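Please look at the sequence and the structure below.

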Amino acid sequence: MEYGEVLAVGAEAEVYETEFIGRRAVCKVRPPKAYRHPDLDSRLRASRTRNEVRVTKDARGSGVRTPVIYDVDLGGCRITMEYVRGRKVRDVLDDAPGMAHRVCRMIGRTVAGLHGAGICHGDLTTSNMILTPDDEMCLIDFSLGATRVDIEEMGVDMHLLERAFASSHSEIADAYGSVVDSYMGSMEDAHAVMDRVDDIKSRGRYT
């Protein structure tokens, strides 16, 4: 497979623009890590690739917008998926603060749909959300995601999102209230999750 523009480079993976059967696509690759034993490294990368594919598909199956998975190469630890047109929500909020409350309500509904299906994202920040031209909220990068999760893991998701707003969107931090309002109005167990968020914050203060 030929790679095009580098879209992102992280500690664990690299993301490239590519093409799949004539379609504009994205390829996420987990390269080998020389500091790990080769056998362990191969197993870890394959396991994490498999998990990301499974969680992404489960989330999409539950009605949450995610990239369509086109192809998986476990041997090469590569995932080829839909290129999602749009802008990262991080950039939308930075460039158009007047849209913040509407966008934040969309975030709340989207996360409620994810959690309502028993799925957590694991790295819930506005950098892992894309607002499409069709005005859909698409979640990307389920590397740390999990299924069949409990209230604790959902609480960690929401706590991470709150911290992301405080650090990356401090000028519109009040808009996070719209995330919470929409989340609580869209999910049956939302009160229990938000109570757990308060508990998680308390633990952080006293440890």
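Val72 has Ile79 in S5 as its bridge partner. This is a predicted model, in which local features need pLDDT of at least 70 and side-chain atom pairs count only at pLDDT 80 or more, while totals for chains, interfaces and linings use all residues. Residues are numbered from 1 along each chain as its sequence is written, and side-chain values use heavy atoms, with hydrogens and water left out.

S4 and S5 are joined by four bridges in the antiparallel sense. Strands (E, at least two residues) and helices (H or I, at least four) are DSSP runs, numbered from the N terminus; two strands pair if DSSP finds at least two bridges between them.

Five strands form an open sheet in the order S1-S2-S3-S5-S4, with antiparallel pairing. S1 and S4 are its edge strands, each pairing on one side only. On average, neighbouring strands are turned by 25° against each other, direction ignored.

Helix H1 (residues 38–61) lies across S3, S4 and S5 and runs at about 160° to S4. Axes are lines fitted to C-alpha atoms, for helices over the stretch in contact (heavy atoms within 4.5 Å), and angles run from 0 to 180 degrees between N-to-C directions.

| Class | Lining residues |
|---|---|
| Nonpolar (Ala, Val, Leu, Ile, Met, Phe, Trp, Tyr, Cys, Pro) | 13 residues |
| Polar (the others, Gly among them) | five residues |
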